[in-house]
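Hello,

Here is the structure I promised to pass on to you. Have a look at it first, and then read on for what turned up in it.

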Amino acid sequence: MTPDALAASATARAAFTREDVQRRATMFLERSLTHGVTRVRTHTDVDLVVSMKSIEGVLAARSAMAGRIDVDVIAFSTSRNDLPQPDAVSRLKDAIDRKPDFLGLSINSAADPKHALDALLDLAEESDLPVDLHIDEHLWPDKMVAPMAVDMVTTRGLGSRVTFSHLCALAVLDPASAGKLIDGIAKAGITVIALPETNLFLQDRGDATPRRRGITLVRELTAAGVKVRFATDNVRDWFFPFGDGDMLDTALFATVAAGVDNDADLIAGLCDGRAALSPGGPADLVLVPASSIEDALARRPAGRIVFKDGRQVAGPELQVSDRTPSAMK
């Protein structure tokens with residue numbers, strides 16, 4: 001992350017209000033829905049600066065969009081909420097009282113990553129909440145904390161409830177070290193989220209042209225049986241000034257930059273593990289006016305028809321004929 005972006009975000013966050021967060025979150029959810037997104041996971045900062053403003057604003061936006069799009073809210077302990085300090089723990093407990101879906105931590109930003117993660121996992125066990133960690137969002141092998149985090153969540157038996165977001169530094173490890181870490185992640189059952197747009201934009205950024213892509217080892221993780229997902233991380237903020245909540249943009253970046261050329265792996269990464277429709281599965285789907293996946297990624301066309309729980313929630317009205325299979329009515 002660049003110093004300028006960090007400084008700009010600090011200034012803006014100090015002026016946050018619950019109402020402003022709700023307005024911007026609702027706008028983003030509406031745009032995402034138009035593009036075919038039916039589920040969002042969002043990190044709401046918890047620290048001394050924003051207090052409960054972000055989580056309360058996003059929860060209000062979620063209520064306004066209920067029935068149209070699912071929103072998983074993460075109570076996210078930022079670098080300014082230094083776990084395991086008592087006031088930081090107390091603040092995160094206040095956020096837990098507001099009923100988030102996940103707990104989160106920017107572990108590399110913590111003064112003491114091990115004790116910060118211990119405190120977070122204690123709270124996760126007490127509240128029975130899963131965990132999403134911003135972890136190793138950098139390209140320095142000697143500063144990695146993922147091996148330590150794998151050991152800690154494995155010891156507690158929490159691996160299946162833990163997500164590693166970013167994990168950029170995995171891509172700069174030597175093959176043997178990377179393979180060992182991937183094996184540990186797979187055995188623990190940890191999910192990894194790659195964030196191709198933001199990772200490409202920020203990693204190896206400086207005065208010279210970036211030489212390293214900064215995206216985690218998607219293909220190797222997938223081959224090892226790790227659940228790999230794709231997401232955006234940032235949309236039009238200080239760290240990534242582009243995007244519109246369109247997962248086809250993310251899919252294009254994942255294909256081009258991470259070499260994801262298997263259609264099933266790409267779709268599963270976008271759709272929480274679902275690569276195809278199946279009887280009894282969730283009736284959340286989007287109809288894209290394209291002739292193929294390649295055509296959809298090339299054009300990212302408008303006019304998508306979006307279904308949530310079998311009910312159309314966005315897009316042009318679908319004309320259903322009498323001969324349409326009953327499952328689609």
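Before the cavities, one term: a cavity here is a set of grid points where a 1.4 Å probe fits but cannot get out, and its lining residues are those with an atom within 4 Å of a point. Please also keep in mind that this is a predicted model.

With that in hand, how many cavities of 30 Å³ or more does the structure hold? There are 2 of them.

The second largest cavity has a volume of about 30 Å³. Its lining includes Ser-77, Thr-78, Ser-79, Asn-81, Asp-82 and Leu-83, and Leu-105, Ser-106, Ser-109, Ala-110 and Ala-116 also line this cavity. Sorted by class, these residues give 4 nonpolar, 6 polar and 1 charged.

Among the residues around it are Glu-197, Thr-232, Asn-234, Val-235 and Phe-240, together with Gly-243, Asp-244, Gly-245, Asp-246 and Asp-249. Here the classes come out as 2 nonpolar, 4 polar and 4 charged.

Next, the sheet. Seen strand by strand, it is an open sheet of 7 strands, paired in parallel and running in the order β1-β2-β3-β4-β5-β6-β7. At its edges are β1 (39-46) and β7 (228-230), each of which pairs on one side only. On average, neighbouring strands of this sheet are turned by 25 degrees against each other, direction ignored.

Now to the cysteines. A disulfide would need a pair of cysteine sulfur atoms within 2.5 Å, and by this rule the count is 0 disulfides. Is Cys-168 buried or exposed? Cys-168 counts as buried because its relative accessibility is 0%. Cys-271, at 37% relative accessibility, counts as partly exposed.

One proline is also worth a look while you have the model open. Where does Pro-84 sit? You will find Pro-84 in the loop between β2 (70-77) and α4 (86-96). Its relative accessibility is 35%, so Pro-84 counts as partly exposed. Pro-84 is 218 residues from Ala-302 in sequence, and the two are 47 Å apart in space, C-alpha to C-alpha.

Happy exploring, and do write back with any questions.

Best wishes

Note on methods. Residues are numbered from 1 along each chain as its sequence is written. This is a predicted model: local features need pLDDT of at least 70, side-chain atom pairs count only at pLDDT 80 or more; totals for chains, interfaces and linings use all residues. Side-chain values use heavy atoms; hydrogens and water are left out. On a 1 Å grid over the protein atoms alone, a cavity is a set of points where a 1.4 Å probe fits but cannot get out, and a pocket is an open set with protein on both sides within 12 Å along at least five of seven lines; lining residues have an atom within 4 Å of a point. Grid points are joined across faces, edges and corners, and a volume is the space filled by probe spheres set on the points. Ala, Val, Leu, Ile, Met, Phe, Trp, Tyr, Cys and Pro count as nonpolar, Asp, Glu, Lys and Arg as charged, and the others, Gly among them, as polar. Two strands pair if DSSP finds at least two bridges between them. Helices (H or I, at least four residues) and strands (E, at least two) are DSSP runs, numbered from the N terminus. Axes are lines fitted to C-alpha atoms, for helices over the stretch in contact, and angles run from 0 to 180 degrees between N-to-C directions. Buried means under 20% relative accessible area, exposed over 50%, partly exposed in between (1.4 Å probe, protein chains only).
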